[in-house]
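Could you walk me through this model in my viewer, one selection at a time? I would like to know what to pick next and what I will find there.

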Amino acid sequence: RRVREPRNILIADANTGWLMHEAMRVVKGVKDVDVYIEQPCLSYEECLSVRKHTDLPFVLDETIDSLNSLLRANEDKAMDVINIKISKFGGLTKAKQARDLAVDLGLAVTIEDSWGGDIVTAAIAHLAHSTPPEYLFSSTDFNNYVTVSIADGAPQNNNGQLSAPVTPGLGIKPKLSVLG
């Protein structure tokens with residue numbers, strides 16, 4: 001059995017896949033484990049109900065797609081971390097507004113998107129790097145999960161750290177021959 005490093009965080013992300021009774025059993029079963037529970041159920045109301053039955057830290061993403069839903073979840077104490085998916089909020093500008101609001105509310109943030117490659121990873125890296133470090137919970141390098149690179153200069157994961165390009169814009173150059 002491999003033991004995780006102290007800097008590694010364990011997240012149980014059901015990605016809306018559990019029914020409420022299943023999520024209740026899971027949070028009860030892992031109550032003594034140092035784990036975050038992420039978006040266990042499909043609806044906000046189901047997730048909130050599960051949240052009220054556990055002391056484990058909670059992450060929401062799929063049900064948080066606007067400033068209003070973020071404010072509601074904060075008021076309900078429905079989450080400790082918000083996973084901001086850039087496309088769910090309507091792009092980089094709106095995702096930045098959500099990130100700024102989350103930071104103002106004292107919430108930690110994960111910066112992600114629903115999926116993507118080099119271009120999406122560049123957007124994630126820039127938004128993550130402009131987040132105050134004490135509020136940045138995590139970010140994802142989606143280009144590490146795909147087999148075809150679609151941009152030169154894309155951010156790369158180096159020992160668990162995602163760098164952001166320093167050139168103008170997103171700092172990448174799309175490979176038009178690959179994109180078609």
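**A tour by selection**

Start with C41: at 0% relative accessibility, this residue counts as buried. Keep in mind throughout that you are looking at a predicted model.

How far is the sulfur of C41 from the closest cysteine sulfur? The distance to the sulfur in C47 is 5.0 Å, too far for a bond. A disulfide would need the two sulfur atoms within 2.5 Å, and C47 is in no disulfide. The structure as a whole holds zero disulfides.

From C47, step across to L60. Show its contacts, leaving out residues up to four places away in sequence, and you will find Q39, Y44, C47, A73, A78, M79, V81, I82 and N83. L60 also belongs to the largest nonpolar core, which has 33 residues. Colour L60, I64, L70, M79, I82 and I84 together, as these touch the most other members of that core. Apart from it lies another core, made of five residues, including Y36, V59, V81 and F137.

Next, switch to a cartoon view and follow the strands. Six of them form an open sheet with parallel pairing, in the order β1-β2-β3-β4-β5-β6. Which strands stand at the edges? They are β1 (11-13) and β6 (136-139); each has a single partner strand, so one side of each is left without a neighbour in the sheet. On average, neighbouring strands here are turned by 20 degrees against each other, direction ignored.

Zoom in on β3 (residues 58-60) and β4 (residues 81-85). These strands run parallel and are joined by two bridges. L60 turns up again here, standing opposite I82 in β4.

Then select helix α6, residues 118-129. This helix lies across β5 (108-112) and β6, and runs at about 160 degrees to β5.

For the last stop, go to D141, in the loop between β6 and β7 (151-152). Is D141 buried or exposed? Its relative accessible area is 9%, so D141 is buried. Leaving out residues up to four places away in sequence, D141 touches T121, N157 and L162. With N157 there is a polar contact from side chain to side chain, at 3.3 Å. Display the D141 and N157 side chains together to see that pair.

Definitions and conventions: Residues are numbered from 1 along each chain as its sequence is written. This is a predicted model: local features need pLDDT of at least 70, side-chain atom pairs count only at pLDDT 80 or more; totals for chains, interfaces and linings use all residues. Side-chain values use heavy atoms; hydrogens and water are left out. A nonpolar core is a set of buried Ala, Val, Leu, Ile, Met, Phe, Trp, Tyr and Cys residues joined through side-chain atoms within 4.5 Å. Buried means under 20% relative accessible area, exposed over 50%, partly exposed in between (1.4 Å probe, protein chains only). Contact means heavy atoms within 4.5 Å. Two strands pair if DSSP finds at least two bridges between them. Helices (H or I, at least four residues) and strands (E, at least two) are DSSP runs, numbered from the N terminus. Axes are lines fitted to C-alpha atoms, for helices over the stretch in contact, and angles run from 0 to 180 degrees between N-to-C directions. A polar contact is a pair of N or O atoms within 3.5 Å; within protein, one must be able to donate a hydrogen and the other to accept it, and residues adjacent in sequence count only if both atoms are side-chain atoms.
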